[in-house]
Amino acid sequence: MKQIKMKIISRRNVLYLLGGTTGSVLFSKYALSKPNLALNKIKEISKNAKVDEVDLFLDVPEIAENGNQVKVSFDIESPMTEEDFVKTVYILADGNPAPNVAKFSFTTDIGACSATTRMRLSKTQNIYLLAEYNNGNFAMTKSKVKVTIGGCGG
Amino acid sequence: MSKIKPRGKVPKTASVDEIIEIKTLIRHPMHSGRMKDKDGKKIPKRIINKFLVKFNGKQVFGMDLEPSISTNPYIAFPFKAKKTGTFDFEWTDDNGDKYNMSRKMTVS
């Protein structure tokens, strides 16, 4: 008798679970398309630590006519000594199929924290620069780039 | 496909504590895995995923590249000249190939 009762409950539970999972999958899909992938990535990298939005020097064009070759350069003021230096710098883009663009690893031998490269942008979007200091602090800045012709293929 | 060829520009001479700029470029298609060829078929992903710079055997600069980096990746970065030495540049391809280049610099 007890067993039968158990069966009924478990079947109902299975149905509930099925309904629940499909619902949550649909919802999470909908939810994931909404928030900013780059900001999520920043949270992931900084492990939810506080990220100060400061004025780091991020040089991107205001309007990029060709999204295939967009020059990006940055310059972060830092003494670059053993006590105080920028360890890692991330470049992220929130409108590309994948938010990551590049990760730079610096050492104190470099003497200054700057670099230049070229990236692809699929559409008009924000570019984020995230710097990780040797003491575990984070700082970020963002800049908007208008893209006339997208450059991610497809 | 054109041959993959690294190029780099390092000043031959520098003075002590001068911050020099190093420019590198490698000819590489950087297929992001999203582009299609003439027949509409997807070109498989193949990019340079890592760039490392060593000075006299010690790593001084590194970069992880993602598909969002343009064809023929160009990378420029600073370096504080302290002593004479050799730069070793290394690019790593998705297929495991490594492309190397070295440049000498004299500090006076």
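The model is predicted, so local features need pLDDT of at least 70 and side-chain atom pairs count only at pLDDT 80 or more, while totals for chains, interfaces and linings use all residues. Residues are numbered from 1 along each chain as its sequence is written, and chains are lettered from A and ligands numbered from 1 in the order in which they are written.

Back to our first residue. Is A:Tyr133 buried, exposed or partly exposed? A:Tyr133 counts as partly exposed because it has 16 C-beta neighbours inside 10 Å; a residue is buried with 20 or more other C-beta atoms within 10 Å of its own, exposed with 12 or fewer, and partly exposed in between, the C-beta atoms being placed from the backbone. Leaving out residues up to four places away in sequence, A:Tyr133 touches A:Val86 and A:Lys87, contact being defined as C-beta atoms, placed from the backbone, that lie within 7 Å.

Now step back to chain A as a whole. Chain A has 2 helices and 9 strands, and along the sequence they follow the pattern α-α-β-β-β-β-β-β-β-β-β. Of its 154 residues, 29% count as buried. Among the contacts in chain A between residues at least 6 apart in sequence, 68% join residues at least 24 apart.

For A:Ile91, the contacts beyond four places in sequence are A:Val72, A:Val101, A:Ala102, A:Ile127 and A:Leu129.

Let us follow the sheet from one chain to the other. An open sheet of 6 strands runs in the order E2(A)-E4(A)-E7(A)-E6(B)-E3(B)-E1(B), with antiparallel pairing; two strands pair if DSSP finds at least two bridges between them. Its edge strands, each pairing on one side only, are strand E2 (57-59) of chain A and strand E1 (6-9) of chain B. From one strand to the next the twist averages 15°, with axes taken as lines fitted to C-alpha atoms (for helices over the stretch in contact) and angles running from 0 to 180 degrees between N-to-C directions.

Within chain A, E4(A) and E7(A) run antiparallel and are joined by 7 bridges. In E7(A), A:Cys113 is the bridge partner of A:Ile76, and A:Ala115 is that of A:Phe74. E7(A) is largely enclosed by the rest of the structure, because 5 of its 7 residues are buried.

Where does the sheet pass between the chains? Strand E7 of chain A, residues 113-119, pairs with E6(B) in the antiparallel sense over 2 bridges. Here A:Thr117 stands opposite B:Ile75, and A:Thr116 stands opposite B:Ala76. The contact between the chains takes 28 residues from chain A and 26 residues from chain B. On the side of chain B that touches chain A, the elements that give two or more residues are strand E5 (58-65) and strand E6 (74-80) of chain B. By class, that side has 16 nonpolar, 5 polar and 5 charged residues; Ala, Val, Leu, Ile, Met, Phe, Trp, Tyr, Cys and Pro count as nonpolar, Asp, Glu, Lys and Arg as charged, and the others, Gly among them, as polar.

A:Gln69, in the loop between strand E3 (63-66) and strand E4 (70-76) of chain A, touches A:Arg118 and B:Ser70, not counting residues up to four places away in sequence.

Most residues other than glycine have a negative phi. A:Met80, in the loop between E4 and E5 of chain A, has a positive phi of about 55°, and with 21 C-beta neighbours inside 10 Å it counts as buried. B:Asn56, in the loop between strand E4 (48-55) and E5 of chain B, has a positive phi near 50°, and with 12 C-beta neighbours inside 10 Å this residue counts as exposed.

Conventions: Contact = placed C-beta atoms within 7 Å. Helix = DSSP H or I, 4+ residues; strand = E, 2+ residues; numbered from the N terminus.
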